[in-house]
Amino acid sequence: MKQWNIYLSGEIHTDWRQQIEQGCKALPVVFTSPVTVHELSDAAGDHLGHAEDPFWRDHQSSKVNAIRTQTLIQNCDLAIVRFGDKYKQWNAAFDAGQCAALGKPYVTLHDDSIIHPLKEVDAMAFAWAKTTTDIIKIIDYVVKQ
């Protein structure tokens, strides 16, 4: 059976990744994700030199983070893109756009309250799920069939 590489993108303030990983322990899957610790992500480019302007610090770090993110998305078989309700996840929307541009299948994970702002992102998704249980069932089906 093929081992699937699944990229978990998006919201970092809840345990949704752990729920999916736990629910898929018996399946031949490997999970990857962006750096999910704010401080580490924000400091990814700090070794390149001190930037007085916060814009340039963010710019440096976003470029270093992009090396990881783009590579992981390019190498994934499937991406799960989670949108939470607490913060705007522009990075998750960007990841979904990269998946769409690369022809990588992705599934969005979010509740009903943000259907409208995500209509274009959902339109390109292969599925929309409301719960991690839904995601686990999708992964189970795709991997086993």
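Student: Between which two elements is the loop where His116 is found?
Tutor: Keep in mind that this is a predicted model: local features need pLDDT of at least 70, side-chain atom pairs count only at pLDDT 80 or more, and totals for chains, interfaces and linings use all residues. Residues are numbered from 1 along each chain as its sequence is written, and side-chain values use heavy atoms, leaving out hydrogens and water. Helices (H or I, at least four residues) and strands (E, at least two) are DSSP runs, numbered from the N terminus. With those names, His116 is found in the loop between S4 and helix H5 (119–124).

Student: Is His116 buried or exposed?
Tutor: Buried means under 20% relative accessible area, exposed over 50%, and partly exposed in between (1.4 Å probe, protein chains only). His116 has a relative accessibility of 57%, so this residue counts as exposed.

Student: How far apart in space are His116 and Glu52?
Tutor: In sequence, 64 residues separate the two. From C-alpha to C-alpha, the distance between His116 and Glu52 is 38 Å.

Student: Let's turn to H6. What is its reach from first C-alpha to last?
Tutor: The expected span of a helix is 1.5 Å times one less than its number of residues. Helix H6 (residues 132–144) has 13 residues, and 18 Å is expected for it at 1.5 Å a residue. Its reach in the model is close to that, at 18 Å.

Student: Why do the buried residues of H6 line one face, and within what arc do they fall?
Tutor: The buried residues are Thr132, Ile135, Ile136, Ile139 and Val143. An α-helix has 3.6 residues a turn, so residues three or four places apart point the same way. The arc is taken from the directions that lead from the helix axis to the C-beta atoms. Seen down the axis, the buried residues of H6 line one face because they fall within an arc of 100°.

Student: Which exposed residues does H6 carry on the face turned away from its buried side?
Tutor: The buried side is covered by elements including strand S1 (4–10), helix H1 (16–23), strand S2 (29–32), strand S3 (78–82), strand S4 (106–109) and strand S5 (127–129). The face turned away from that side carries Lys137 and Tyr141.

Student: Are the rings of Phe55 and Trp56 stacked or edge-to-face?
Tutor: Rings of Phe, Tyr and Trp (its six-membered ring) pair if their centres lie within 6.5 Å; planes under 30 degrees apart count as stacked, over 60 as edge-to-face and the rest as tilted. The count by this rule is one aromatic pair. The centres of Phe55 and Trp56 are 4.8 Å apart and their planes are at 85°, so the pair is edge-to-face.

Student: Over the ring of which residue does the charged end of Lys2 sit?
Tutor: A charge sits over a ring if NZ of Lys or CZ of Arg is within 6 Å of the ring centre and within 35 degrees of the ring normal. The charged end of Lys2 is 5.5 Å from the centre of the ring it sits over, that of Trp4.

Student: Which residues is Ser33 in contact with, leaving aside neighbours within four places in sequence?
Tutor: Ser33 lies in the loop between S2 and helix H2 (38–42), and is buried with a relative accessible area of 17%. Contact means heavy atoms within 4.5 Å. With those neighbours left aside, Ser33 is in contact with Tyr7, Leu8, Arg17, Arg68 and Leu72.
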